[in-house]
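Biologist: I have a structure on my screen and want to learn how to read it. Can we take it feature by feature?

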Amino acid sequence: MSQRELEVTCPRAWESIGPAAGCPGPLGGPVAACGMSRLLGGTLERVCKAVLLLCLLHFLVAVILYFDVYAQHLAFFSRFSARGPARALHPAASSSTNCSRPNATAPSSGLPEAPSARPGPTAPVLPPCPDSPPGLVGRLLIEFTSPMPLERVQRENPGVLLGGRYTPPDCTPAQTVAVIIPFRHREHHLRYWLHYLHPILRRQRLRYGIYVINQHGEDTFNRAKLLNVGFLEALKEDATYNCFIFSDVDLVPMDDRNLYRCGDQPRHFAIAMDKFGFRLPYAGYFGGVSGLNKSQFLRINGFPNEYWGWGGEDDDIFNRISLAGMKISRPDIRIGRYRMIKHDRDKHNEPNPQRFTKIQNTKLTMKRDGIGSVRYQVLEVSRQPLFTNITVDIGRPPSWPPRG
């Protein structure tokens with residue numbers, strides 16, 4: 001049907017399809033072309049509406065992000081304004097104080113002062129050191145025939161700080177250990193001791209310091225009194241020491257699983273020396289190498305000061321521990337083995353003839369003779385690369401035995 005025929009036959013249909021839709025009149029094309037134009041116009045209208053909605057949505061998102069970033073910047077600058085120094089709040093008061101007392105410290109305003117600069121990065125928190133260190137090797141070969149200069153020992157232990165201090169770099173130890181050595185004229189033995197003990201203590205993941213307590217002069221040697229001095233002097237240098245290992249300079253452990261730590265009871269480490277056939281000489285033996293924590297040491301009033309010469313002081317210490325209601329703990333005999341550096345008896349360290357009488361009177365002398373009564377004078381403190389040397393004058397033995 002032509003356009004003219006449609007106008008004559010169905011005028012109402014033409015009115016709704018043709019002119020309303022913008023279709024051409026008598027001079028236009030067929031009706032199908034007009035319907036196609038209407039379809040394309042509707043599609044274009046919907047596309048425009050969709051684009052308009054997307055633009056509106058984009059605008060709303062941009063507004064939201066703008067206000068969010070603005071709020072963050074506001075909070076950031078608010079923190080800086082809150083960190084301003086306290087004197088900036090009262091400039092007049094601050095300037096008047098400085099003018100009246102130029103070399104004095106300004107009185108506090110009651111407000112906490114902010115740091116003048118940003119704090120540095122926080123050190124990482126290290127995990128606790130394991131109870132069983134993974135780097136231990138067990139049984140060790142100990143020999144004293146090779147030359148042992150201190151320079152070699154220092155090269156072997158680069159992580160040890162001045163004064164013989166060491167802290168594990170990868171974990172936090174539960175204890176801070178002071179190793180105390182009574183000493184006089186034993187430089188040869190000390191070099192071997194440092195050569196073996198520093199690597200052992202580092203493998204045991206200990207935070208420790210080495211203190212050599214050197215008795216000045218040539219009077220009779222007093223081992224126990226020197227150990228009391230070492231306890232006090234170590235605490236003066238570092239009040240965090242809570243474990244004290246007392247070691248003779250000629251004893252080296254043969255197994256690094258013999259951990260130099262303190263426990264719930266006083267510890268005896270050197271239970272199987274080669275000089276005794278790797279056996280405990282008697283049940284009450286507490287000599288060679290022992291360890292007590294700070295509270296245990298104070299509980300027994302430290303060590304006796306009146307044992308001048310060789311022998312007896314370790315038995316007195318054993319009696320003190322028993323009288324204080326504590327017991328001795330020991331490692332397995334296969335682990336607590338020690339090599340002793342062979343040597344002649346030191347001059348001015350002859351056996352103490354009064355030692356047996358004194359041992360029998362420990363209960364009477366324990367409270368008056370000990371860490372609370374020790375008297376000495378520090379002559380020199382020298383921090384060496386591998387240890388701290390403290391030279392002291394501990395006096396002379398009495399010309400007659402004290403009553404006890």
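This is a predicted model: local features need pLDDT of at least 70, side-chain atom pairs count only at pLDDT 80 or more; totals for chains, interfaces and linings use all residues.

Biologist: Which residue of strand 2 does Phe 183 stand opposite?

Modeller: Phe 183 stands opposite Asn 214. Now for the general idea. Strands of a sheet pair through backbone hydrogen bonds, and the pairing is either parallel or antiparallel.

Biologist: Do strand 1 and strand 2 run parallel or antiparallel, and how many bridges join them?

Modeller: They run parallel, and eight bridges join them. Strand 1 covers residues 176-183, and strand 2 covers residues 207-215.

Biologist: In what order do the strands of the open sheet come?

Modeller: The order is 5-7-3-1-2-10-9. That makes seven strands, with mixed pairing. Strand 5 (267-268) and strand 9 (377-383) are the edges, and each pairs on one side only. Helix 6 (residues 187-203) packs on this sheet. It touches strand 1, strand 2 and strand 3 (243-247), and its direction makes about 165° with that of strand 2.

Biologist: Which strands does helix 7 lie across?

Modeller: Helix 7 (residues 223-237) lies across strand 1, strand 2, strand 3, strand 9 and strand 10 (388-393). It runs at about 145° to strand 1.

Biologist: Next, burial. Is strand 1 mostly covered or uncovered?

Modeller: Look at relative accessible area. A residue under 20% counts as buried. By that test, eight of the eight residues of strand 1 are buried. Check both faces. Thr 176, Ala 178, Ile 180 and Pro 182 are buried on one side. Val 177, Val 179, Ile 181 and Phe 183 are buried on the other.

Biologist: How many residues of helix 6 are buried?

Modeller: The count is 12 of 17, so helix 6 is largely enclosed by the rest of the structure. Among the buried ones are His 189, Tyr 192, Trp 193, Leu 197 and Pro 199. What covers the buried residues of helix 6 includes helix 5 (150-156), strand 1, strand 2, strand 3 and strand 4 (251-253).

Biologist: What about helix 7: how many of its residues are buried?

Modeller: Helix 7 is mostly covered too, with 12 of its 15 residues buried. Its buried residues include Arg 223, Lys 225, Asn 228 and Glu 233, along with Leu 226, Val 229 and Phe 231.

Biologist: How do I check the length of a helix?

Modeller: At 1.5 Å a residue, the 17 residues of helix 6 should span 24 Å. Its end C-alpha atoms are 25 Å apart, which agrees. For helix 7, the reach from first C-alpha to last is 21 Å, close to the 21 Å expected.

Biologist: Where does helix 6 bend?

Modeller: At Leu 197, by about 25°. A proline, Pro 199, follows within four residues. After helix 6 comes Arg 205, whose phi is positive, near 60°.

Biologist: Now charges. What is the idea behind a salt bridge?

Modeller: Side chains of opposite charge can pair when their charged atoms come close. This structure holds 17 salt bridges. In one of them, Arg 205 pairs with Asp 170, and the closest N and O atoms are 3.6 Å apart. The pair links distant parts of the chain, 35 residues apart. Arg 205 sits in the loop between helix 6 and strand 2, and Asp 170 in the loop between helix 5 and strand 1.

Biologist: Why does Asp 170 count as partly exposed?

Modeller: Because its relative accessibility is 40%. Compare Arg 223 and Glu 313, whose closest N and O atoms are 3.2 Å apart. Arg 223 is in helix 7, while Glu 313 is in helix 9 (residues 313-323), 90 residues apart. Both Arg 223 and Glu 313 are buried.

Biologist: Which residue forms a salt bridge with Arg 257?

Modeller: Asp 255 does, with the closest N and O atoms 2.7 Å apart. Arg 257 is partly exposed, at 43%. Asp 255 counts as buried, because its relative accessibility is 0%. Salt bridges can also link up: Arg 165, Glu 237, Asp 238 and Arg 383 are linked in a network.

Biologist: Finally, how many helices and strands does the protein chain have?

Modeller: The chain has 11 helices and 10 strands. Buried residues make up 39% of its 404 residues.

Note on methods:
Residues are numbered from 1 along each chain as its sequence is written. Side-chain values use heavy atoms; hydrogens and water are left out. Two strands pair if DSSP finds at least two bridges between them. Helices (H or I, at least four residues) and strands (E, at least two) are DSSP runs, numbered from the N terminus. Contact means heavy atoms within 4.5 Å. Axes are lines fitted to C-alpha atoms, for helices over the stretch in contact, and angles run from 0 to 180 degrees between N-to-C directions. The expected span of a helix is 1.5 Å times one less than its number of residues. The bend at a residue is the angle between axes fitted to the seven residues ending there and the seven starting there. Buried means under 20% relative accessible area, exposed over 50%, partly exposed in between (1.4 Å probe, protein chains only). A salt bridge is a side-chain nitrogen of Lys or Arg within 4 Å of a carboxyl oxygen of Asp or Glu.
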